[in-house]
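Look at the sequence and the structure below. The report that follows walks through the sheets, the helices and a few single residues.

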Amino acid sequence: MAKRILTTARVFSALEPARISTAFGNKLGSSDVVKSLLRSPISSSANPRRFERGSAYSTSPSREQEASPLANLKFDMSAFPAENVRNFSIIAHVDHGKSTLADRLLELTATIRRGGPAQYLDKLQVEKDRGITVKAQTVTLVHEIDSKPYLLNLIDTPGHVDFSYEVSRSLSACQGVILLVDAAQGIQAQTVANFYLAFELDLAIIPVLNKIDVPTADPERCKDQLQNMFDIDPDSVLQVSAKTGKNLPELLRAVIEHVPPPRGSKDAKLQVLLFDCFFDEYRGVICLVEVINGVLQKGDQVISKASGKMYDVLQVGVFHPEPVPTGSLHTGQVGYIITGMKTTREARIGDTFCRTREEKEVEALPGFRPAKSMVYAGLYPLDASEFDLLRIALEKLTLNDASIAVAQEATAALGMGFRCGFLGLLHMDVVTQRLEQEYNLKVVVTPPTVPYEVHHENGTVETISNPSQMPPSHEVASILEPTVIATIITPQEYVGGLLTLCSARRGEQLEYTFIDDARALLKYRIPLPEIVTGFYDELKSKSSGYASLDYEEDKWVAADVVQLSIRVNGEPVDAMTTLVHRSKSLRAGKDAVSRFRDILSRQLFQIAIQAVVDNRVIARETLSAMRKDVLAKCYGGDVSRKRKLLEKQKEGKKRMKRVGNVEIPQEAFVGKPGRSSPSRVHLAIAVLHASDFVHFGLRALSLFCLARRGGVL
Ligand SMILES: Nc1nc2c(ncn2[C@@H]2O[C@H](COP(=O)(O)OP(=O)(O)OP(=O)(O)O)[C@@H](O)[C@H]2O)c(=O)[nH]1
């Protein structure tokens, strides 16, 4: 099928015999021609202030020392007409080497010094810790070929499925992509998804095999896969090593020769696409833009086509790799503008800016669909007194990441907190890690759930993201759940296990093809709730880690969904309420009560843990009472004395059962995301159920009194 669709793909023959005599590592970007295009150094006062610490673009002093001396020079943007501009992106599956390749390209063009920190563009602490890209980054490079200077705008994109929205947005500011494939791993699920993203946008695609230095690399097999899947001519595939730098000058030449220049006209009326933004503590919102037509200058007054608000352009610049003010951006160029916007909510991604006086004559660009939350979870401060700190931290995080949806909520078990919507489980994990690292906040995360569309008997429709808000079943006409189209690529020997997994997860098979003689591609429509409950982990374990997964949202379908609640000694634990498919409710109920039993510590009285669906107990576990050996001090064989002591103990326990309450450790509330559990979300300290420490004090006191009155416990 892919073959049929893709016969017209604009995949270019990337390779010609290397014509660049400069060896890898030469500072091409600082050649005389390039230098002449850079104006004199700007004064230190005009130097961009360092961006907010912890923000997407924060820089540490060591980073600045590593940055190119050219970062302190001012570009003469008019020296780069549109035909000398190339806007391109690197797209690939997770870990296929995008950020490493970006590093090498930055070094090759003398944008940063060689031997600096790895993955230069991955600036968030969480990106460095996990070795993944979360936020797309834009950087402007200057490169000279055949004595002609080019301005290259490179966007490094994330590879994980959660951030594919970020990729699609970034691609709208590009005319071409480097489709990077790990030569040892071959095509993976995100390779396919990203290829189609670029293909649908009609971008030039430069196929590149990376990691050819790895002994297990098999470039020929990968070329076959590219041909089978995407109809790419094997001779057009470039082979590089981002690690050693092999063939990278040729890659830059291929970009310049095969990515078309931006199509806009410098004489047309100003039209600017806003494709991303982030917040800087000192300068407010920084908008990342591509000038589609005309020339944008500092001091211009522009208007947003989406909101009708007017803004003065206070600063214009490019990232090289740190922000460098340029005073203007010309047709086709990608850079940033500062307009004095106060919040990132004001900057509508996909918006068009034009000159205020030309508003009527300039059309709005098509824009993007808004980011949608796929997974919801409750975030509660570990220490209830930190609620305000959590609110402030979430406000700050959402300034830089508008894809997090936040609404305040409260539960009896965990107190005040927030119900947050995320792009996926990894996104959720990243946000909780950032709360800890950047704001020193420890949070409890409840089990993730997906939104459901509830059609009421009275004809109204609402989307529910909190399971405890599900109306009683007699008020509900139908419930719809979201589904995704999942693409799985796996070595052939694991196909059987994965087919079983997909059908156990209520999947509907759409496609089953082979991408070469050893690997298969499976396409399934799977309900999203099945994906967020450990699907990825199971997929990896069933395929010994070899299968890869990508998914995109699909339609909403009717589902028999029920509310599963957990009761401890008859008291519902609202934070543990979940929505599950009826066919899975028994299994889920049994799992939940047995997990609870393992987590709860035994008390001096019996604890009943029940799973309830439609007011019916479907699973139960009983945690027996801890038994104090009241006979320990009773020497000799006086049976009646022993019996008396045991009777007293029994009586005491009965009374305790009535008044006693149960400590539920925080671990019980922590969600078990499918990909990786929020390990850093502090399971160490047990928190008290419902009421906090004051209540606990009172309870301890009453237990103590009881014990005194009962004589024996
Ligand atoms: N041997 C070898 N290793 C490489 C090469 N390119 C990248 N790597 C390694 O592969 C791993 C992943 O590289 P990254 O650059 O982080 O991959 P990525 O595609 O940016 O990852 P995400 O942003 O998470 O999607 C790192 O350990 C790199 O050092 C290469 O050409 N050869």
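Two strands count as paired if DSSP finds at least two bridges between them. Keep that in mind for the sheets. The model is predicted.

**Overview**

The protein chain holds 17 helices and 33 strands. Of its 713 residues, 47% count as buried. Take the contacts between residues at least 6 apart in sequence: 74% of them join residues at least 24 apart.

**The six-stranded sheet**

Six strands form an open sheet. Their order is β4-β5-β3-β6-β7-β8, and the pairing is mixed. The edge strands are β4 and β8 (238-239), and each pairs on one side only. Nine bridges link β4 to β5, and this pair is antiparallel.

Helix α9 lies across β3, β4, β5, β6, β7 and β8. Its direction is at about 170° to that of β7.

**A covered helix**

Is helix α4 mostly covered or mostly open? Helix α4 spans residues 98-108 and is mostly covered: eleven of its eleven residues are buried. The buried residues include Lys 98, Asp 103, Arg 104 and Glu 107, along with Leu 101, Leu 105 and Leu 106. What covers them? The cover includes the strands β3 (85-92), β4 (137-145), β5 (148-156), β6 (176-182) and β7 (204-210). It also includes helix α9 (248-258). Just after α4, Ala 110 takes a positive phi of about 60°.

**The eight-stranded sheet**

Another open sheet has eight strands. They run in the order β13-β12-β18-β9-β10-β17-β14-β15, and the pairing is antiparallel. The edge strands here are β13 (310-312) and β15 (323-325), each pairing on one side only. Neighbouring strands of this sheet are turned by 40° against each other on average, direction ignored.

Inside this sheet, two bridges join β9 (residues 271-280) to β18 (residues 352-355). These two strands run antiparallel. Val 272 stands opposite Phe 353 in β18.

**The nonpolar core**

In soluble globular proteins, nonpolar side chains tend to be buried together. The largest nonpolar core of this model has 173 residues. Which of them touch the most other members? They are Val 177, Leu 179, Ala 198, Ile 206, Leu 274, Cys 287 and Val 289.

Cys 287 is worth a look in the viewer. Leaving out residues up to four places away in sequence, Cys 287 touches Leu 274, Cys 277, Tyr 336, Ile 337, Thr 339 and Ala 347.

**Two pairs of helices**

Two packed helices are described by the angle between their axes and the distance between the axes. The table gives both values for two pairs.

| Helix pair | Axes come within | Crossing angle |
|---|---|---|
| α6 (residues 164-171) and α7 (residues 189-200) | 10 Å | roughly 30° |
| α12 (residues 495-504) and α14 (residues 535-542) | 9 Å | roughly 160° |

The axes of α6 and α7 cross at roughly 30°. Angles under 35 degrees count as roughly parallel, so α6 is roughly parallel to α7. The crossing of α6 past α7 is right-handed. On the α6 side, Ser 164, Val 167, Ser 168 and Leu 171 take part. They meet Ala 193, Asn 194, Leu 197 and Ala 198 in α7.

The axes of α12 and α14 cross at roughly 160°. Angles over 145 degrees count as roughly antiparallel, so α12 and α14 are roughly antiparallel to each other. Gly 497, Leu 498 and Leu 501 of α12 make the contact with Glu 538, Leu 539 and Lys 542 of α14. α12 passes α14 in a right-handed crossing.

**Two single residues**

Thr 446 is found in the loop between β22 (443-445) and β23 (452-456). Why is Thr 446 called buried? A residue is buried if 20 or more other C-beta atoms lie within 10 Å of its own. Thr 446 has 26 within 10 Å, so it is buried. Thr 446 and Arg 519 are 73 residues apart in sequence and 37 Å apart in space, C-alpha to C-alpha.

Arg 595 is found in helix α15 (residues 582-599). Arg 595 counts as partly exposed because it has 17 C-beta neighbours inside 10 Å. Arg 595 and Glu 621 are 26 residues apart in sequence, and their C-alpha atoms are 9.8 Å apart in space.

Methods:
Residues are numbered from 1 along each chain as its sequence is written. This is a predicted model: local features need pLDDT of at least 70, side-chain atom pairs count only at pLDDT 80 or more; totals for chains, interfaces and linings use all residues. Helices (H or I, at least four residues) and strands (E, at least two) are DSSP runs, numbered from the N terminus. Axes are lines fitted to C-alpha atoms, for helices over the stretch in contact, and angles run from 0 to 180 degrees between N-to-C directions. A nonpolar core is a set of buried Ala, Val, Leu, Ile, Met, Phe, Trp, Tyr and Cys residues joined through C-beta atoms within 7 Å. A residue is buried if 20 or more other C-beta atoms lie within 10 Å of its own, exposed if 12 or fewer, and partly exposed in between; C-beta atoms are placed from the backbone. Two residues are in contact if their C-beta atoms, placed from the backbone, lie within 7 Å. Angles under 35 degrees count as roughly parallel, over 145 as roughly antiparallel, 65 to 115 as roughly perpendicular and the rest as oblique. A crossing is left-handed if the near helix is turned anticlockwise from the far one by less than a right angle, and right-handed if clockwise.
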